[in-house]
Amino acid sequence: MPAYKDQKSGKWKCTFYYTDWTGKKVKKLKRGFATKKEAEDWERHFKLEKAKSLDMTFGDFYRCYEADIRPQIRENTWMSKAHIIEKKIPVLTNVDEAVKTAHVENINKKYKKKETAATSVENVDGELVCPKCGSALVLRTAKKGANAGNQFYGCSGYPKCRYIQNM
Ligand SMILES: [Zn+2]
């Protein structure tokens, strides 16, 4: 892990190669450290982070898994594994960036709609019940802020649950 001093600026830099998950060697260069130790610490930290990050898609992971495991087991066993993975979860094994982005957007949209649409329901005793946690709602009065003096329903589970509903 060599660190070098830049003669012009007097700063230290580190340059090294690391292997990404595809097995490709990638060159990394980072300048501007005040000391040699800082440059070396940064390199060590970078390599540690890289080692635990899983920046691959499920499809990539599946192909790595196949390359690793397929030669070790009977072809029939592999075929049934592959069948399960490819047929039951094709969305995860064959997906491009555009599909992934659209999927994530859909989930976000659905989730946000749900959150704003959620409203209290009455239980058998006619009490209002929090849609988030199921505790009873209680009538409260806002003490501060723009709504001070206004009444609203707040969850009796507060502060664990912060659900509120305007009247
Ligand atoms: Zn609640």
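Reader: In what order do the strands of the open sheet lie, and which are its edge strands?

Author: The model is a predicted one. Its open sheet has 3 strands with antiparallel pairing, in the order E6-E7-E8. An edge strand pairs on one side only, and this applies to strand E6 (137–141) and strand E8 (164–166).

Reader: How many bridges join E6 to E7, and which residue in E7 is the bridge partner of Thr141?

Author: E6 and E7 run antiparallel and are joined by 5 bridges. Among the residue pairs between them, Thr141 has its bridge partner in E7, namely Gln151.

Reader: Over how many bridges do E7 and E8 pair, and which residue in E8 is the bridge partner of Phe152?

Author: Strand E7 covers residues 151–155 and pairs with E8 in the antiparallel sense over 3 bridges. Tyr153 stands opposite Gln165 in E8. For Phe152, the bridge partner in E8 is Asn166.

Reader: Is the peptide bond from Tyr158 to Pro159 cis or trans, and where is the place of Pro159?

Author: Most peptide bonds are trans. The bond from Tyr158 to Pro159 has an omega near 10° and is cis. As for its place in the chain, Pro159 is in the loop between E7 and E8.

Reader: What distance does helix H3 reach from its first C-alpha to its last?

Author: Helix H3 comprises residues 75–88, 14 residues in number. At 1.5 Å a residue, the expected value is 20 Å. The helix comes close to this, with a reach of 19 Å.

Reader: What is the count of buried residues in H3, and what percentage of the residues in the protein chain is buried?

Author: A residue is buried if 20 or more other C-beta atoms lie within 10 Å of its own. H3 is hardly covered, with a count of 0 buried residues among its 14. Over the 167 residues of the protein chain, the buried share is 5%.

Reader: How many helices and strands does the protein chain have, and which pattern do they follow along the sequence?

Author: The secondary structure of the protein chain comprises 5 helices and 8 strands. Read along the sequence, their pattern is β-β-β-α-α-α-α-α-β-β-β-β-β.

Technical notes
Residues numbered from 1 in each chain as written. Predicted model: local features only at pLDDT ≥ 70, side-chain atom pairs only at ≥ 80, totals over all residues. Pairing = 2+ DSSP bridges. Helix = DSSP H or I, 4+ residues; strand = E, 2+ residues; numbered from the N terminus. Expected span 1.5 Å × (residues − 1). Buried ≥ 20, exposed ≤ 12 C-beta atoms within 10 Å, placed from the backbone.
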